Number of protein chains: 2
Amino acid sequence: MRTQARLHAPMRSAEFDKEHVLRQAMTAFMQHGYSKTSMQKLTQATGLHPGSIYCAFNNKKGLLLASVEQYQKDKNAQFAQLCASHDNIKSALQAFLTDIAHPCASNEATKVCLLTRTLSEVDGQDDEVTQVLSNNLSAFERSLEDVLNKAMKKGEISSKPSAKERAQFLVMGIYGLRTYASTGNDTQALNRLSEQLLEYVLR
Amino acid sequence: MRTQARLHAPMRSAEFDKEHVLRQAMTAFMQHGYSKTSMQKLTQATGLHPGSIYCAFNNKKGLLLASVEQYQKDKNAQFAQLCASHDNIKSALQAFLTDIAHPCASNEATKVCLLTRTLSEVDGQDDEVTQVLSNNLSAFERSLEDVLNKAMKKGEISSKPSAKERAQFLVMGIYGLRTYASTGNDTQALNRLSEQLLEYVLR
DNA sequence: AGTAATCTTGAATGTGCGTTCAAGATTACA
DNA sequence: TGTAATCTTGAACGCACATTCAAGATTACT
């Protein structure tokens with residue numbers, strides 16, 4: 001039936017670099033949105049020919065789902081490393097929010113979140129994609145909750161607003177921050193908002 | 001050149017009900033997004049034939065812009081009435097947030113904001129639409145700022161975080177609330193989040 | 001009622017899309 | 001090297017879309 005596709009240059013029988021291909025694809029999806037990212041754009045971005053994409057990912061939706069999976073993997077690794085390199089919750093989340101707010105004020109493709117952008121686009125049109133995206137977003141909220149719980153046990157924050165409540169508010173704030181940024185990037189306001197958000201979450 | 005179109009039943013030379021048509025169109029745009037709302041869907045939703053739409057609004061984008069204008073008009077009127085029927089800022093914003101959060105947990109088309117949904121979709125693709133949407137969103141933020149300023153003068157809230165800062169945080173929170181709701185509608189969490197948001201804005 | 005001007009209608013048009021698949025290229029192995 | 005199996009390639013397909021426009025319907029006015 002379906003087998004793995006190969007790269008353009010078929011001198012070696014090695015498969016194409018799947019991670020690289022998926023990162024190129026996710027960038028295209030973030031830049032133009034799912035439906036406006038044509039297969040033509042995807043073949044240019046990935047360097048794969050239509051046939052190879054269909055061979056490896058079934059169809060455009062399959063490539064999206066694989067890209068989302070890679071995106072989640074990358075974001076999780078990034079967050080884990082960020083947590084490891086900070087010894088207290090405040091500086092960790094500060095760095096985290098800076099990493100989010102900084103690209104927001106730019107015009108890079110990374111200023112949007114692949115998960116929320118795609119969710120907003122396909123909401124009510126594709127239940128499978130919606131489920132995958134929701135699950136990934138929930139999983140990340142749980143990661144934040146874990147980090148907050150550890151900080152509680154270390155006595156860095158009080159236990160009164162629970163880690164779950166704090167995580168929910170933080171996630172809501174991040175969603176809002178990104179949308180706010182897309183309405184016209186006032187860097188100063190964005191920085192102030194993320195500061196206030198952090199203060200409130202760690203209150 | 002181009003003139004006004006008429007209704008299906010042309011017994012009378014009266015123009016079609018523009019407001020009604022635009023409200024039907026905006027509902028369709030909110031439900032399916034701009035690009036996935038085909039002209040066929042729009043003809044069904046509005047009851048107008050393609051020729052009439054092109055006669056009255058030039059093209060699909062023109063119908064979108066007219067719908068956005070109507071949306072803003074309706075939202076402004078709604079907000080003004082809401083403010084008039086509450087004598088203090090807290091109950092006014094409470095009602096305002098409830099009006100936002102309640103449909104979010106449902107599956108109505110009104111659970112999304114036409115402005116932010118369309119902005120996220122066309123961002124980086126159409127500068128004119130982007131500008132119009134950003135301007136409308138900024139204008140609404142200024143309405144909130146005005147209301148907060150009036151509350152300050154009445155002594156209901158302190159002047160320390162300025163009305164502008166409060167309005168910005170509130171707007172960010174609303175954006176976040178809606179996105180958060182779209183990830184899986186936990187009504188209870190949504191209510192708690194909007195309560196916390198209000199408390200913080202009126203701190 | 002007759003006529004010119006205007007409006008309505010929806011089939012036709014061209015374009016761009018996701019997807020397929022047969023032909024050609026490459027490999028693995030004898 | 002010869003041959004079968006597998007992989008690569010991109011032109012071609014059908015479809016859905018936004019848009020147009022000529023033909024028909026209605027109006028306004030004499």
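Where is the place of Asn58(A) in chain A? In this predicted model, Asn58(A) belongs to the loop between helix 3 (50-57) and helix 4 of chain A. The backbone of Asn58(A) has a phi near 75 degrees, a positive value in a residue other than glycine. Most residues other than glycine have a negative phi. In chain B, Asn58(B) is found in the loop between helix 3 (50-57) and helix 4, and phi of Asn58(B) is likewise positive, near 80 degrees.

The relation between the two chains was examined next. Two copies of a chain are related by a rotation about an axis and a shift along it. Here, chain B is superposed on chain A by a rotation of 180 degrees with 0.0 Å of shift along the axis, at an RMSD of 0.0 Å. This is the relation of a two-fold axis. Within chain B, the C-alpha nearest the axis belongs to Gly176(B), at 1.8 Å from it. Both copies use the same surface, since 100% of the contact residues of chain B recur in chain A.

Packing of helices between the chains is illustrated by one pair. Two packed helices are described by the angle between their axes and the distance between the axes. Helix 8 of chain A (residues 163-182) packs on helix 9 of chain B (residues 187-201) at an angle of about 75 degrees, and the axes are 11 Å apart. Angles of 65 to 115 degrees count as roughly perpendicular, and helix 8 of chain A and helix 9 of chain B are therefore roughly perpendicular to each other. On the side of chain A, the contact involves Glu165(A), Gln168(A), Phe169(A) and Met172(A) of helix 8. These residues meet Ala189(B), Arg192(B), Leu193(B), Gln196(B) and Leu197(B) of helix 9 of chain B. Divided by class, the contact of helix 8 of chain A with helix 9 of chain B comprises five nonpolar, two polar and two charged residues.

The side chains of Arg192(B) and Glu165(A) meet at 3.8 Å, N to O. This pair crosses between chains, from helix 9 of chain B, which holds Arg192(B), to helix 8 of chain A, which holds Glu165(A). Arg192(B) counts as partly exposed at 27% relative accessibility, and Glu165(A) is partly exposed as well, with a relative accessible area of 22%.

Within chain B, a further helix pair was characterised. Helix 5 (residues 89-104) and helix 7 (residues 127-153) of chain B pack at an angle of about 155 degrees, with their axes 10 Å apart. Angles over 145 degrees count as roughly antiparallel, so helix 5 of chain B is roughly antiparallel to helix 7 of chain B. Helix 5 of chain B contributes Ile89(B), Leu93(B) and Phe96(B) to the contact, while helix 7 of chain B contributes Phe140(B), Leu144(B), Val147(B), Leu148(B) and Ala151(B). By class, the contact of helix 5 with helix 7 of chain B has eight nonpolar, no polar and no charged residues.

Another site in chain B is Ser67(B), which is found in helix 4 (residues 60-84). Ser67(B) is buried, with a relative accessible area of 0%. Apart from its neighbours within four places in sequence, Ser67(B) is in contact with Leu22(B), Ala25(B), Met26(B), Phe29(B) and Leu114(B).

Side chains of opposite charge can pair when their charged atoms come close. Over all chains, the whole structure holds 16 salt bridges. In one of these, the side chains of Asp74(A) and Arg23(A) meet at 2.7 Å, N to O. Asp74(A) lies in helix 4 (residues 60-84) of chain A and Arg23(A) in helix 1 (residues 18-32) of chain A, so the pair ties together parts that are 51 residues apart in sequence. Arg23(A) is partly exposed, with a relative accessible area of 33%. A salt bridge also links the side chains of Asp123(A) and Lys111(B), at 3.6 Å, N to O. Asp123(A) lies in the loop between helix 6 (114-122) and helix 7 (127-153) of chain A, and Lys111(B) in the loop between helix 5 and helix 6 (114-122) of chain B, so the pair joins two chains. Asp123(A) is buried, at a relative accessible area of 16%, whereas Lys111(B) is partly exposed, at 21%.

How values were computed. Residues numbered from 1 in each chain as written. Chains lettered and ligands numbered in written order. Predicted model: local features only at pLDDT ≥ 70, side-chain atom pairs only at ≥ 80, totals over all residues. Heavy atoms only, no water. Least-squares fit on C-alpha atoms with pLDDT ≥ 70 in both. Contact = heavy atoms within 4.5 Å. Axes fitted to C-alpha atoms, helices over the stretch in contact; angles between N-to-C directions. Helix = DSSP H or I, 4+ residues; strand = E, 2+ residues; numbered from the N terminus. Parallel < 35°, antiparallel > 145°, perpendicular 65-115°, else oblique. Nonpolar A, V, L, I, M, F, W, Y, C, P; charged D, E, K, R; others polar. Buried < 20%, exposed > 50% of the residue type's maximum accessible area, 1.4 Å probe, protein only. Salt bridge = Lys/Arg side-chain N within 4 Å of Asp/Glu carboxyl O.
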